[in-house]
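Subject: Handover of a structure and findings

Dear colleague,

Please find the structure below, followed by an account of what was found in it.

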Amino acid sequence: MPQIPEKIHELTVGQLSARSGAAVSALHFYEAKGLISSRRTAGNQRRYGRDALRRVAFIRAAQRVGIPLATIREALSALPEERTPTREDWSRLSAAWRTELDDRIKQLGRLRDHLTDCIGCGCLSLETCVLSNPDDVIGESMAGSRLLPLRKENQGAS
């Protein structure tokens, strides 16, 4: 990994990419989404402050555990003066995200456990479908994979 001399306070997009492990295209995307920011030189080249390294690390860690970019952006924008997140920030935010992640894990486990119910059905022969009709909300009133009941004017028209 290339080392950046301490006297350099700004990084090119290539340096930021090399140091953070994020592709240049990802850095441009993060910037377009308001997650990181740069200034432009007289030659219109991007320059990132050294703090962008920590912001990118924060973004990538949050993404790895499944936090959506919109949620990450909200978290970063809530920091005072858009400062770089600290270890305390990560601790506080990860505790808040834990419930959301636990809910997703539970939902994925339920989907995994019922996936074999779907093999070969094509969603045409089951009375209930745990993938397109979670918790069988419609199953009490009708069978099949339809999510919305037919309107009365359409019934019997076939």
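In what follows, buried means under 20% relative accessible area, exposed means over 50%, and partly exposed covers the range in between, with a 1.4 Å probe and protein chains only. This is a predicted model, in which local features need pLDDT of at least 70 and side-chain atom pairs count only at pLDDT 80 or more, while totals for chains, interfaces and linings use all residues. Residues are numbered from 1 along each chain as its sequence is written, and side-chain values use heavy atoms, with hydrogens and water left out.

Salt bridges

The structure holds four salt bridges, a salt bridge being a side-chain nitrogen of Lys or Arg within 4 Å of a carboxyl oxygen of Asp or Glu. Three of them are described here, beginning with the pair formed by the side chains of Glu 31 and Arg 46, at 2.9 Å from N to O. Because Glu 31 belongs to helix α2 (residues 24-32) and Arg 46 to strand β3 (residues 46-49), this pair ties together parts that are 15 residues apart in sequence. Helices (H or I, at least four residues) and strands (E, at least two) are DSSP runs, numbered from the N terminus. Glu 31 has a relative accessible area of 19% and is therefore buried, whereas Arg 46, at 23%, counts as partly exposed.

Asp 89 is buried, with a relative accessible area of 4%, and Arg 92 is partly exposed at 48%. Arg 104 is partly exposed at 26% relative accessible area, and Glu 100 is partly exposed at 29%.

Besides Arg 46, the contacts of Glu 31 include Ile 36, Ser 37, Ser 38 and Tyr 48, leaving aside neighbours within four places in sequence. Contact means heavy atoms within 4.5 Å. Leu 27 is also found in helix α2 and is buried, at 0% relative accessibility. Not counting residues up to four places away in sequence, Leu 27 touches Val 13, Leu 16, Ser 17, Ser 20, Ala 22, Ile 36, Tyr 48 and Val 56. The C-alpha atoms of Leu 27 and Gly 14 are separated by 9.6 Å, the two residues being 13 residues apart along the chain.

Packing of α3 and α4

Helix α3 (residues 51-64) packs with helix α4 (residues 69-77) at an angle of about 140°, and their axes are 10 Å apart. That makes α3 oblique to α4. Axes are lines fitted to C-alpha atoms, for helices over the stretch in contact, and angles run from 0 to 180 degrees between N-to-C directions. Angles under 35 degrees count as roughly parallel, over 145 as roughly antiparallel, 65 to 115 as roughly perpendicular and the rest as oblique. On the α3 side the contact is made by Arg 55, Phe 58, Ile 59, Ala 62 and Gln 63, and on the α4 side by Leu 69, Ile 72 and Leu 76.

Yours sincerely
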